[in-house]
Amino acid sequence: MDANNNHSITTFINQAQKVILGKEKELKIAFCCFLSGGHLLIEDVPGVGKTTFAKTLAKLLDLSFSRIQFTNDLMPSDLLGVQIFNSTESKFKLIPGPIFHQFILADELNRGTPKTQSALLEAMEEKQVTLDGQTIKLPFPFFVLATQNPRSQIGTHHLPESQLDRFMMKMKIGYPDAAFEINLIARDEHLENLLQLTAVLSPESINQIKNEIESIKVSDELLKYVRRLLENSRLHENFLGLSPRAGRDIVKAAKTWAYLEKRTYVLPDDVQMILPFVIAHRISPFQSQTIEQDQDLARALVNLTHVD
Amino acid sequence: MWTNIFQRFIDRILTIGKPGQIYIIPTFDGIKLLALNGTLLVIGLVYANNFVLLFNFILFCLFLGSMYYTHFNLRGIEVISVRQSQLHVNETGSIKLALKSSSELGHFFVSCRPQKSLYAQLDHNFKFSIDKSTDAIEVDIPLLGIKRGIEKVETIVLETLFPFHLFRCFTLFKTPLQIVVYPERKNLNMHSFFPVPETSANQGDDFVLKNYQTGDSLKRVHWKKLAQSNRWYSKSIIAPTHTPVILSLDETKIELKDKGRQIEDQLSSICHDLYRLQSQQIDFGLMINGELITPAKTTNHLRFCLRVLASYEN
Amino acid sequence: MKINIKNLSLSFVALDILIMARAIPNAIVIFATLVTIFSLIISNSFWRTTLKVTFLILGLFLIRYIFKTFLVTEAGVSLVLILSTLKVWELDSESDHFNMFLILSLLESCIFLVDPTFLIFLLGFIKIVFYFYFILKIRNYDLSQLSFKRLFVLIIPSLLLSLLMFYTFPRFTQGFLSTGNQQLLFSGNDSQLNMKGLGNLKLSPQVVFRVYGLDHSQLTLPLLYWRTNILWDYYDEIWRSGYINLRSEAPLISSPNAGYRIRLTQDPAEFLPTLDGSSTILKSNLDFQFFSENSFRLKSMTKLDVNYETATNTILINKTLTPLMQKKGLKLRSTAKDKIAKMILSDKINLNAENKFKQVIAFFKSRHFEYSLSPASYKNVEDFILNGKTGYCSHFAASFTYMARAVGLPARIVSGYQGGEINPFDQSVIVRELDAHAWVEIYFEDKGWLRIDPTAMVVPARIALGSSLFHDKLEPYISLFYFNFPKSLLRFSSLDKFNLYLDSLNSSFNSEVFNFDKEKQQKVLSSLLPANFSLGWPFVFSLLIFLSVLPFLFIYFSTKRSSLEKRKYQRFLKKMKRLGLEKHPGETALQFGSRCGRALPQKAAMINLEIKSYIDTFYL
């Protein structure tokens, strides 16, 4: 492991904590998700700092940031962009939508119409956009952080299971700890801190880190364990069976987590660590459940499955 | 006659035996063979014929050996999970049973006897063989829905007669399985439904472009696009997002006479519509006994609604 | 080829009928065959049932009529045979086939009763196994799922332990039922000889007895004479043995020059064959009587195998001549007696015994008899002497005795066997039914009872070559549909050898397994056990071994064996469990390690080492 990269990861977490108080684990998980090349879904009540969270990450990672607020009337074209006829050059010109950024915050995803949701999710999966028959590649790295409100209301559109599956992880930020919360309500300085943040990781070093993560060793024993997890999820009625894609995501995320833990091999502990986040949105057969219930389910699956 | 005795025996040990224990009793064939053994022993002794005695002992030892063999079929077997697939009245489904064994030699030709059920018809002589190479084995026991309702199945009997049919070895598993039989799907259109008023109307371009084909209406031609690209496109309208529908039991249509059947018919009709709405990607909810189930359209939501219908009692 | 299980049952029943045909009365065999054929023809269910019941009743009557009782072995065997043929009528469902299996097993056992040889046993066993295999097949078992390992675990110990149980099962008796005084006759052991009844000589290769421990180097094989029975009395033109009043104590043989053990395999046995000469029986598994004519008779006729040890002095000639014997040896109630005596002596008078004997031989030779397997039929002995031309040993012996008695020499017919075949595989001499022979003994005052073989006078080759070779020479062809095939074409030395090998196998199995009786068992077990042990205990013991060995084998073969490192880790887990720390299934090694480390700080180093080595092996 490159000492330089190692250092920058530590700096990343430390810097981020200046803005987001007391959320080290969540930061690490989000960072892990980013490094694994997946997309993150945050489900939480308004006002816990979802947007700040996303902005901090974007700033520290030196990524171009855009925020899309999903509403009923948001159309796919608002998201992807339009071709406009330029009369002076008598040519069509692409006005790119907000999706053409490296870091996208899709706010209140479940308030958008299914059509718009699908447009985003397609872009997430294929990392490219098709506009009027023209295929345009999305920038790299491309990371979507979507948020959604936990309470299902009339007028919201739940994402179907197949589309939820495209998010690698689902997490909540949660209320801050008492000590931090006092700090938070007393001083309103985190916005200033956010402005003062400087990029810690360059796209080159991110690439380098991703390559290093690729070389993390995954033993047969571990793969067997992951398979047992998948199998058990399919065998029991309380769970919705996990797809092979979920299995692939588990291994990817576990590798990244092992890297963050400064190990060159993956342990079942890594899998157990990231599992509640990776499968929270895939394991529950009932959509009306809260994320805590989902994560409890994930833990039940862990407790049920033999490690060795 | 024999199955009756067997059933009574099971009922007896159900109350006294611990779950997970393996029981083994000779079958009627086994008892017949034992009788033959006795006869041969007497013949062998009376005529002092050692061949008869030897033959008798070989038969006897194979008889005893098959007892162990049969017993080891079930040794180390575990039920990992029991689930039930979607089942409607007058339709077939299955109980999905996942088994695991710790014995390397595997288990063969196990048959499964769930409890007798009021609501569903079970194949009580269902047989399956277990492949020793896999870790867990999933088996589907066929079911036929008879009556709407939910019923708890407390025990499942796994039994095997392999290899020589001389011993019946069985074990009981306590399961949390519930057999859920959903109402029959009938297009009767007897229930009532009302749409949920949406807060905001749909706006925007609800169409997709298709290459123009001769015969397409001129009204549908996308003139703007034609000007831009000099190519013909026609607009194909997609239906606007449907407003969610809430289905409910229509109390007014129920007459006092033949009440039960009418309720069943209405439930069947709701059941049929749930599937129709789901396939049309329309959000659906339920209003049953004054309780509202908020509309959604996922498969799990459908399952939940069906479960509510299955457990409906008035 | 697809084998129909019904046809299989039918063929087994038919095969069993064929095997039993020799031992069971012909009427029963024909009846059983008829029933089987009817079962194939009639398909109407009403007629089937009616006929089945009718046949059952008829069969019972037939058995009662033939055997007079239901209690003899043959009656029981016949009943099972008829039952099994009747069972062929109803072979529809699975359970029918299983019942058929049970009946066929019983039938096989019955075959062992009438024909207790190893090969028959093996054949029966294989048949039953084959039949059972097909029953499993119709039960819709996928037999490929029967793993070889499991079958091995099941069958090998079962066979071994059934042998153990067989040896240790307490034998209470030699058999409760005696087969009774049945006059089933065969040539070498005949108790009577009737010139009118002598037909064609049958050359059956059936083994009559085997001789072990014989010092064959001293004896030229074809010259071995095995005596069984003496025929004294001649009245109503039939020679009969008159042994009853000749009973005496068994003699002591001063210097026997041959000691051997004989096992009679032919049934029923009445007289015990011994080498010609003076013999004494040292040991026998059944009680016998000795007669002063030097023959040994079993006290009761038996179908059991008879084993006895004999010592014989082949040179010492029996000189016993009681007045009764003299009277019997000269007694000849015949009207043609004087006429024949006159013809022999040709008016010479006052001849001494030796000269009389020479006259008899001269007369016998002058008749120019010819040896034949299918001689002409004669009214009586006189007819043969006066007009006879062709005959075999019985004719010659009977006529020679007649002639000797007619001229006043005490003479008797000895029936027995002559020759035999050496089996090089177990150094035994096999004597077959075709070796059956008869000769004459004539008493001379100074020499005793001298053996005279009139057959040797007619055809010396019969004695010199031995029976089977001689008869091959006599009739070198086998005729089949008017064609003659040389027998030499059918004889292969390797096949003969194989035959002999099978024979030795059969006989050793018979002696080791089949003749394991009460005495033998007591001897073996008492040498193995402390003195005051009951004989039932070894049986209980062997049953217990069986009950414990098999589960052990099954457990051994069925446990999944993991790798060495994994076992090491499992041992560690077991150790921790003993210390009160059990690993939850979902707990990882690291979590468990740290939990254990907290609970047992003094063992933290060892725990960490174990966990580390486990992780290094499996995850690194």
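**Close-up 1. Leu60(C) in helix H3 of chain C.** In this predicted model, Leu60(C) has a relative accessible area of 33% and is therefore classed as partly exposed. Leu60(C) belongs to a nonpolar surface patch, together with Val53(C), Leu56(C), Ile57(C), Phe61(C), Phe70(C) and Leu83(C). The accessible area of these residues together is about 610 Å². Helix H3 of chain C, which covers residues 45–67, makes the greatest contribution to the nonpolar patch, supplying five residues.

Close-up 2. Arg578(C) lies in helix H20 of chain C, which spans residues 564–578. With a relative accessible area of 66%, Arg578(C) counts as exposed, because the class begins over 50%.

Close-up 3. Thr70(B) has a relative accessible area of 1% and is buried, since buried means under 20%. Leaving aside residues up to four places away in sequence, Thr70(B) is in contact with Ile24(B), Thr160(B), Leu161(B), Phe162(B), Pro163(B), Phe167(B) and Cys169(B).

Conventions. Residues are numbered from 1 along each chain as its sequence is written. Chains are lettered from A and ligands numbered from 1 in the order in which they are written. This is a predicted model: local features need pLDDT of at least 70, side-chain atom pairs count only at pLDDT 80 or more; totals for chains, interfaces and linings use all residues. Side-chain values use heavy atoms; hydrogens and water are left out. Helices (H or I, at least four residues) and strands (E, at least two) are DSSP runs, numbered from the N terminus. Buried means under 20% relative accessible area, exposed over 50%, partly exposed in between (1.4 Å probe, protein chains only). Patches are made of residues with over 30% relative accessible area and no salt bridge: like charges are joined within 9 Å, nonpolar side chains (Val, Leu, Ile, Met, Phe, Trp, Tyr) within 5 Å. Accessible areas come from the Shrake-Rupley method with a 1.4 Å probe; for residues, only the protein chains shown count as cover. A salt bridge is a side-chain nitrogen of Lys or Arg within 4 Å of a carboxyl oxygen of Asp or Glu. Contact means heavy atoms within 4.5 Å.
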